[in-house]
Amino acid sequence: MGGPSAEREVSLNSGRACAAALREHGSYNVVEVDAGPDLCAVLIDLKPDAVLNCLHGRWGEDGCVQGIFEWLHIPYSHSGVLASAVAMDKQRCKDIFRAAGLPVVDSIIVPAERVRGGHVMTPPYVVKPNNEGSSVGVYLVSDANNGPPQLDASMPEMVMVETFAPGRELTTTVVGQRALTVTDIVTTGWYDYDAKYKEGGSTHIVPADIPKEIFDLCLDYALRAHNALGCRGLSRTDFRWDEARGVDGLILLETNTQPGMTSTSLTPEQAQATGMSFPELCAWMVEDASCGR
């Protein structure tokens, strides 16, 4: 847990929550590791039977730490090196979705300086890093904007600009080969970092009160996305649904190979709604751990 990414605090919360759940389960000797530059040495010293990977963002979710686990022959949870790397690269992930016949919006990768200098796409559009999660560094440029977004200096040199997809925010978790359910995420504005992780930042309706056709399509798309990317263990796919367009209004935003596991997180909530307690979910991930993922 932890690590050096922009999502460090969320990862620490996820790790602490999972550690507490595994202790509650009672079947495991749990050691919490804040992943730092000495991670290899720490793992060699600990000799764990398995690693429950609660890292989020770069280095922990993009195939890097998965490579360390493979090199040390330590069984680990979630997706392997390749699926993690591809899912974290939003543009390449979209290419795979398109090839699998899954609906996505148009997007381009451009220099951040060019985005600051003028509209590179007709508003409304969204600007985001190509390889971060949790709505880190996301800018929504609406029709009302007088000028291009003034991106923060911490934004990477190259960014993704994608067509804004209007509508409701939906999400589906896949555990193994089972798509659990659909959550409708209700917020007063943009589903940003605070809406995701602060108490009261959003309301989750589980299961979502949407037409059965759309509900079933979310389950189908999430499982197809999971398999198209080669994911293992657990993943969560996020959607936008424009009710006015019916089935044609449902599009995939991205697939998260390391979904949040905090007290406000969507995946534990979906597991609970489908009969799997949080300790049971964490135990499932540990028992599912392997190398060669």
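Predicted model: local features only at pLDDT ≥ 70, side-chain atom pairs only at ≥ 80, totals over all residues.
Visitor: What describes two packed helices?

Guide: Two packed helices are described by the angle between their axes and by the distance between those axes. Here, take helix α5, residues 90-99, and helix α8, residues 212-229. Their axes come within 10 Å and cross at roughly 115°.

Visitor: Are α5 and α8 roughly parallel or roughly perpendicular to each other?

Guide: Angles of 65 to 115 degrees count as roughly perpendicular, and α5 and α8 are therefore roughly perpendicular to each other. The crossing of α5 past α8 is right-handed.

Visitor: Which residues in α5 and α8 meet?

Guide: From α5 come C93, I96 and F97, which meet A225, A228 and L229 of α8. Sorted by class, this contact has six nonpolar residues, with no polar and no charged ones.

Visitor: What is a disulfide, and how many does the model have?

Guide: A disulfide is a covalent bond joining the sulfur atoms of two cysteines. To be counted, the two sulfur atoms must lie within 2.5 Å. By this rule the model has zero disulfides. For C18, the nearest cysteine sulfur belongs to C54 and is 3.7 Å away, and C18 is in no disulfide.

Visitor: Is C18 buried or exposed?

Guide: Buried means under 20% relative accessible area. C18 has 1% relative accessibility, so C18 counts as buried.

Technical notes: Residues numbered from 1 in each chain as written. Heavy atoms only, no water. Axes fitted to C-alpha atoms, helices over the stretch in contact; angles between N-to-C directions. Helix = DSSP H or I, 4+ residues; strand = E, 2+ residues; numbered from the N terminus. Parallel < 35°, antiparallel > 145°, perpendicular 65-115°, else oblique. Left-handed = near helix turned anticlockwise from the far one by under 90°. Contact = heavy atoms within 4.5 Å. Nonpolar A, V, L, I, M, F, W, Y, C, P; charged D, E, K, R; others polar. Buried < 20%, exposed > 50% of the residue type's maximum accessible area, 1.4 Å probe, protein only.
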